[in-house]
Structures are given as structure tokens and as C-alpha cells.
Amino acid sequence: MDKKDMQRVESYLRRTFGNATIRVVPRARKTDSAEVYIGEELIGLISEDKEDGETSYDFHMAILDIDLED
């Protein structure tokens, strides 16, 4: 993902989730994906998929069972 695409995805996520602290940052040694943070907490990964002349982005977020405890 290039910087322009990361900025576009970041803006989309901020609007969609109503959270201005979401950040999309490049991964070390990876060019097809980026890390997604809320504040300083890593919450998931965005992967870029280019196929048949179209580009899509896949957001993957793991939720641990300990995070669900009150």
C-alpha cells in the first residue's frame, strides 16, 4: 500500500467508526498491508488486493476472549 492509499483508508475508517484517533501506518518490510491503530493500540491489519484491474482492502481484527471480560 502506498502512502496515498493508506491515507484514503484511514479517512474512511475514521468516518465509518466515528473515531479520529484511528491511524493506518506502514508495516516494516511489507508493502501489501498496513497496521491499524486506535491511539497507541494495534487493533488490526489492512491488506491490499489488486485483481482484474480492481483494488480492494481487507480489514482483519482479532478479538481475544480476555478482551470480552467485564
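The legends below describe close-up views of a predicted model.

**View 1. The pairing of β2 with β3.** Strand β2 (residues 33-38) runs antiparallel to β3, and six bridges join the two.

**View 2. The largest nonpolar core.** In soluble globular proteins, nonpolar side chains tend to be buried together. In this model the largest nonpolar core has 10 residues in all, namely Met1, Met6, Val9, Leu13, Ile22, Val24, Ala34, Val36, Ile43 and Ile46. At least two residues of this core come from each of α1, β1, β2 and β3, and α1 gives the most, with three residues. Methionine 6, a member of this core, is in contact with Met1, Val24, Val25, Pro26 and Ala34 when its neighbours within four places in sequence are left aside.

View 3. Side chains of opposite charge can pair when their charged atoms come close. The side chains of arginine 8 and aspartate 5 form a salt bridge with an N to O distance of 3.2 Å, and because these residues are three apart in helix α1, they are separated by about one helical turn. Arginine 8 has 51% relative accessibility and therefore counts as exposed, whereas aspartate 5, at 11%, counts as buried. A salt bridge also connects the side chains of glutamate 10 and arginine 14, at 3.5 Å from N to O; being four residues apart in helix α1, this pair too is separated by about one helical turn. Here glutamate 10 is buried, with a relative accessible area of 16%, while arginine 14 is partly exposed, with a relative accessible area of 30%.

**View 4. A salt bridge between distant parts of the chain.** The side chains of arginine 23 and glutamate 40 meet in a salt bridge with an N to O distance of 3.9 Å. This pair links distant parts of the chain, since arginine 23 belongs to strand β1 and glutamate 40 to the loop between β2 and β3, 17 residues apart. Arginine 23 is partly exposed, with a relative accessible area of 28%, and glutamate 40 counts as exposed, at 70% relative accessibility. The count of salt bridges in the model comes to three.

**View 5. Glutamate 48, a buried charged residue without a salt bridge.** Glutamate 48 has its place in strand β3 (residues 41-51). Although glutamate 48 is buried, it has no salt bridge, and the nearest side chain of opposite charge, that of lysine 50, is 4.3 Å away. With its neighbours within four places in sequence left aside, glutamate 48 is in contact with Met1, Asp5, Asp32, Thr55, Ser56 and Tyr57.

How values were computed. Residues are numbered from 1 along each chain as its sequence is written. This is a predicted model: local features need pLDDT of at least 70, side-chain atom pairs count only at pLDDT 80 or more; totals for chains, interfaces and linings use all residues. Side-chain values use heavy atoms; hydrogens and water are left out. Buried means under 20% relative accessible area, exposed over 50%, partly exposed in between (1.4 Å probe, protein chains only). Lys and Arg count as positive and Asp and Glu as negative; His and the chain ends are not counted. A salt bridge is a side-chain nitrogen of Lys or Arg within 4 Å of a carboxyl oxygen of Asp or Glu. Contact means heavy atoms within 4.5 Å. Two strands pair if DSSP finds at least two bridges between them. A nonpolar core is a set of buried Ala, Val, Leu, Ile, Met, Phe, Trp, Tyr and Cys residues joined through side-chain atoms within 4.5 Å.
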